[in-house]
Amino acid sequence: MAVEHSTGTSAPAPGDQTRIHNIGYRSYDGPRLGRAYARRSLYSQSLRGAYGLGRSVKSKVLPMLLFVVMCVPAAIMVAVAVATKANALPVDYTRYAIIMQAVISLYVASQAPQSVSRDLRFKTVPLYFSRPIETADYVRAKFAALASALFILTAGPLLLLYVGALLAKLDFADQTKGFAQGLVSVALLSLLFAGIGLVIASFTPRRGFGIAAVIAVLTITYGAVSTLQAIADAQGSGDAVPWIGLFSPITIIDGVQSAFLGATSASPSGVGPSTAEGVVYVVVALGLIAASYGLLMRRYKKVGL
């Protein structure tokens, strides 16, 4: 019968088996760039993404195509004005964005979900907030990026018209004044459309749903308001036309520029709001922009928890 003999050494205690291995991790000794740098980086990345820069070729096709579509009519107008030695451009600067509002709406519908829906779908928003960046930084960067992208989309054709008008030797003072009025108009449009698009897109992680929802809000409201304005004008209720225009983003912009920027109204009657009514339009436009920012803040405070 075999007999086991003790070697005289006891088994090592669990604590004695602990080892610390230095595998090369080092602390970061460089500069801490902080929230401002993170916010600028997020803004830059989001703005580049709005035109597909830094992404695949497929991602560049639609935004670049829409930008070209926005600029082609302006280029044709410039060519005609130069060739015929016209005394004025065929379209006012403030009128151009209203005419091309379908293209602008399509751009917002395609790029607002691209800006925020992927972060929601892949649940990366809490990762942003684990760094120095905060909710306000994220919202401001995304809002500013989409508004800047829209301003580039809408101001680019106006710049083309302005340069063409100067080449056609049209009056410098008149063209500069019209160009400045057009820039003010598209700047307000960019802020308003960016806010509305981001709010809608932030409530769904599915990009397709976001695109459909943004298109529906921007196009259906414009069609409904235009129809109601035409009915009111046909029935002799012209006083109601300006107030109906408060229920669509594009007609709000049209009302503001008709009241204060010397633009011709796109309403069926061709008569824009008075100065007093224009003040209401401005308040509503600024209120919608502020409300969009507030809703985005509330939404991402919940998402980031």
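Reader: What makes the way helix 2 passes helix 4 left-handed or right-handed?
Author: First, a caution: this is a predicted model. A crossing is left-handed if the near helix is turned anticlockwise from the far one by less than a right angle, and right-handed if clockwise. Helix 2 passes helix 4 in a left-handed crossing.

Reader: Why are helix 2 and helix 4 called roughly antiparallel?
Author: The axes of helix 2 and helix 4 (residues 101-121) cross at roughly 165° and come within 10 Å. Angles over 145 degrees count as roughly antiparallel. Helix 2 and helix 4 are therefore described as roughly antiparallel to each other.

Reader: Which residues make the nonpolar surface patch?
Author: V68, V72, I76 and V80 make it, with an area of about 320 Å². One of them, V80, belongs to helix 2, which covers residues 57-84.

Reader: Why does V80 count as partly exposed?
Author: Buried means under 20% relative accessible area and exposed means over 50%, with partly exposed in between. V80 has 41% relative accessibility, so it counts as partly exposed.

Reader: Why is K85 called exposed?
Author: K85 sits in the loop between helix 2 and helix 3 (93-99). Its relative accessibility is 72%, and the cut-off for exposed is over 50%, so K85 counts as exposed.

Reader: What is the phi of K85?
Author: The phi of K85 is near 55°, a positive value in a residue other than glycine. Most residues other than glycine have a negative phi.

Reader: Where is K123, and what is its phi?
Author: K123 is in the loop between helix 4 and helix 5 (125-129). K123 is not a glycine, yet its phi is positive, about 55°. With a relative accessible area of 64%, K123 is exposed, because the cut-off is over 50%.

Reader: What does I99 count as, and why?
Author: I99 lies in helix 3. Its relative accessibility is 47%, between the limits of 20% and 50%, so I99 counts as partly exposed. The C-alpha atoms of I99 and A266 are 8.9 Å apart in space, and the two residues are 167 residues apart in sequence.

Conventions: Residues numbered from 1 in each chain as written. Predicted model: local features only at pLDDT ≥ 70, side-chain atom pairs only at ≥ 80, totals over all residues. Heavy atoms only, no water. Patch = residues over 30% accessible without salt bridge, like charges linked within 9 Å, V, L, I, M, F, W, Y side chains within 5 Å. Areas by Shrake-Rupley, 256 points an atom, 1.4 Å probe, with all protein chains shown as cover. Salt bridge = Lys/Arg side-chain N within 4 Å of Asp/Glu carboxyl O. Helix = DSSP H or I, 4+ residues; strand = E, 2+ residues; numbered from the N terminus. Buried < 20%, exposed > 50% of the residue type's maximum accessible area, 1.4 Å probe, protein only. Axes fitted to C-alpha atoms, helices over the stretch in contact; angles between N-to-C directions. Parallel < 35°, antiparallel > 145°, perpendicular 65-115°, else oblique.
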